[in-house]
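Take a moment to turn the model around on your screen before you read on. Then let's walk through it together, piece by piece.

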Amino acid sequence: MILVDINELVGCTIIESDRIEFERDWNREKVLHTICAFANDFDNIGGGYIIIGIDEIDGSPANCIGVNPSRIPGIEHELTELCNSISPGYSPNLSVEKYHGKDILVLWVPGGERRPYKCPVTPSKKKSDNVERAYYIRVLSNTVRANRDEEITLVRRASNTPFDDMVNETASVNDIRRGLVTDFLNRINSRVDYGSMENIDLYRLLRIVRGPSENPRPVNVGLMMFSDDPERFFRNAHIEVVYMPDPTGEDMEETVFRGPLDDQIRNALRYISGMFIREKVVKLLDQAESLRFFNYPYKAVEETLVNAVYHRDYEIPEPIKVIVRPDRMEIFNRPGPDKNISDERIEAFDLRSDCYLNNRLGDFLKELKLTEGRSTGIPRVLKSLEDNGSDPPVYETDEDRRFLRVIIPIHSGFLPSAESGSTVPGDAKKNRTSQEIKSLILESLRDNGCQSGRDLAASIGYSSTHNTFRRCVRELMDEGKIEYKYPDNPRDRRQKICLPRQRV
């Protein structure tokens with residue numbers, strides 16, 4: 001039995017298309033190799049699905065051919081033989097589903113617990129010790145035989161089980177609450193008939209419990225999603241929302257959200273939406289339609305917070321923090337981006353990575369529609385800010401990538417200066433050329449002296465040090481027209497930007 005709705009699975013709306021293999025008909029060799037590839041889970045993305053009975057074009061579903069019901073028992077028998085040829089042993093979950101009125105077969109192939117796996121290059125019904133065997137992996141949407149370098153990488157990665165898929169030896173199966181599990185299944189419209197199932201059988205079906213029957217243990221993702229108090233097992237696994245109206249911390253208000261991670265997300269977003277997100281309507285003299293915009297577009301906040309929960313390292317005992325200031329919202333979590341991601345890629349909003357810390361958690365959040373497929377979060381943040389007329393976000397981290405701070409600037413129409421008309425209109429700022437920005441930077445430094453990056457950006461009408469502004473600053477430094485006050489330590493907390501020989 002599969003957990004997700006068959007229509008959403010085939011439509012690739014929950015599971016990414018590169019995790020789904022469509023087969024028009026039963027193909028022993030191709031199915032065996034793909035089972036082996038998904039079980040090896042080379043990129044730690046959670047395995048995948050093989051759907052038999054649906055034709056495909058360029059990796060996307062086309063015609064539903066279906067599988068003749070009279071052939072299904074024979075296919076099941078062949079599947080058992082094929083899986084017995086995989087070393088070490090592996091068995092996927094087989095489900096017969098109805099799609100467009102026809103029977104199709106769905107093989108759910110999670111990443112295996114004893115990977116890496118090998119299988120025969122050419123499957124045969126004859127048992128032989130001399131059969132050629134190989135490792136298979138997924139490369140994008142294709143199953144391929146691993147080369148020597150990929151074999152070495154596969155063995156190394158297989159020894160590093162993602163934290164959310166590790167067995168938690170300090171917890172008991174009783175720490176998982178059945179009501180939370182069944183509520184999840186109802187939310188995703190699962191067809192699992194859990195009414196007559198014992199707890200342990202239901203938990204094993206969801207792969208949130210592993211181990212022998214005499215001593216089963218929950219895996220970490222089961223405790224994150226289906227225990228009443230995940231903080232018993234993962235210290236500070238909560239979300240803090242802090243309202244900080246003054247830099248000194250005066251009148252600061254803090255609200256903490258605890259419980260299952262998906263509940264934390266929903267409750268924190270509901271609180272942020274009700275307390276801090278506001279819409280403004282501006283009547284324009286030269287047109288009938290009013291201008292409408294939000295201080296913070298909800299979608300940008302939602303995507304950023306969900307990403308923080310998804311990509312957090314739960315072995316680091318520091319909570320996710322949302323800090324609301326008069327001119328911006330900051331969302332902080334640990335760790336930062338992968339160390340292989342350069343500063344230039346971060347400035348270009350490209351934080352994509354091949355491996356993720358919490359793929360199992362990501363799958364649960366996708367099934368709940370709290371997040372989409374891989375690498376879509378930041379583009380959605382950028383689009384929602386652009387559609388709202390807001391400045392782009394700022395992604396900050398340190399050299400060792402120990403944290404990630406995402407700064408969502410408040411729409412300039414909500415800044416105090418906007419009421420008096422002193423703020424530069426959003427369209428005018430958006431149309432500035434790099435040369436105009438550089439001229440304004442130099443003019444501000446001549447008039448006001450050395451300034452921090454944030455103060456300098458504010459002096460020329462921006463609410464944050466966005467990427468274009470930072471690029472202009474970097475180019476001016478390369479040209480020798482400006483410099484750091486403390487050039488030997490660019491990350492100095494006292495750092496300011498100055499004209500040459502103005503470092504006083």
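## Before we start

This is a predicted model, where local features need pLDDT of at least 70 and side-chain atom pairs count only at pLDDT 80 or more, while totals for chains, interfaces and linings use all residues. Residues are numbered from 1 along each chain as its sequence is written, and side-chain values use heavy atoms, with hydrogens and water left out.

## The whole chain

The chain has 504 residues, and 51% of them are buried (under 20% relative accessible area with a 1.4 Å probe, protein chains only; exposed is over 50%, partly exposed in between). Its C-alpha atoms fill a box of roughly 85 × 50 × 45 Å along the principal axes.

You'll find 17 helices and 21 strands here. Take the contacts (heavy atoms within 4.5 Å) between residues at least 6 apart in sequence: 64% of them join residues at least 24 apart.

Strands count as a pair if DSSP finds at least two bridges between them. Strands β3 (residues 54–57) and β4 (residues 60–64) run antiparallel and share three bridges, with Glu 56 opposite Pro 61. Two residues sit between the strands of this hairpin, and Asp 58 has a positive phi near 55°.

Further along, β8 (residues 133–139) and β9 (residues 142–145) are also antiparallel, with four bridges. Val 139 has Asn 142 as its bridge partner. This hairpin has two residues between its strands, and Leu 140 in the turn shows a positive phi of about 55°.

## The nonpolar cores

A nonpolar core is a set of buried Ala, Val, Leu, Ile, Met, Phe, Trp, Tyr and Cys residues joined through side-chain atoms within 4.5 Å. The largest one has 85 residues, and Leu 9, Leu 206, Ile 208 and Phe 226 touch the most other members. Helix α9 (residues 298–311) gives the most to this core, seven residues.

What does Leu 9 touch, leaving aside neighbours within four places in sequence? Its contacts are Ile 2, Val 4, Ile 15, Ile 20, Tyr 49, Ile 51 and Val 106. There's also a second, separate core of 26 residues, including Ala 37, Phe 38, Leu 107 and Cys 119.

On a 1 Å grid over the protein atoms alone, a cavity is a set of points where a 1.4 Å probe fits but cannot get out; a pocket is an open set with protein on both sides within 12 Å along at least five of seven lines, and lining residues have an atom within 4 Å of a point. Points are joined across faces, edges and corners, and volume is the space filled by probe spheres set on them.

The largest pocket has a volume of about 1600 Å³. Of its 31 lining residues, Glu 396, Arg 470, Tyr 484, Pro 490 and Arg 491 are the closest to its centre. Helix α17 gives the largest share of the lining, five residues. By class, the lining has eleven nonpolar, five polar and 15 charged residues (nonpolar: Ala, Val, Leu, Ile, Met, Phe, Trp, Tyr, Cys and Pro; charged: Asp, Glu, Lys and Arg; polar: the others, Gly among them).

Helix α11 (residues 359–367) gives the most to its lining, with four residues.
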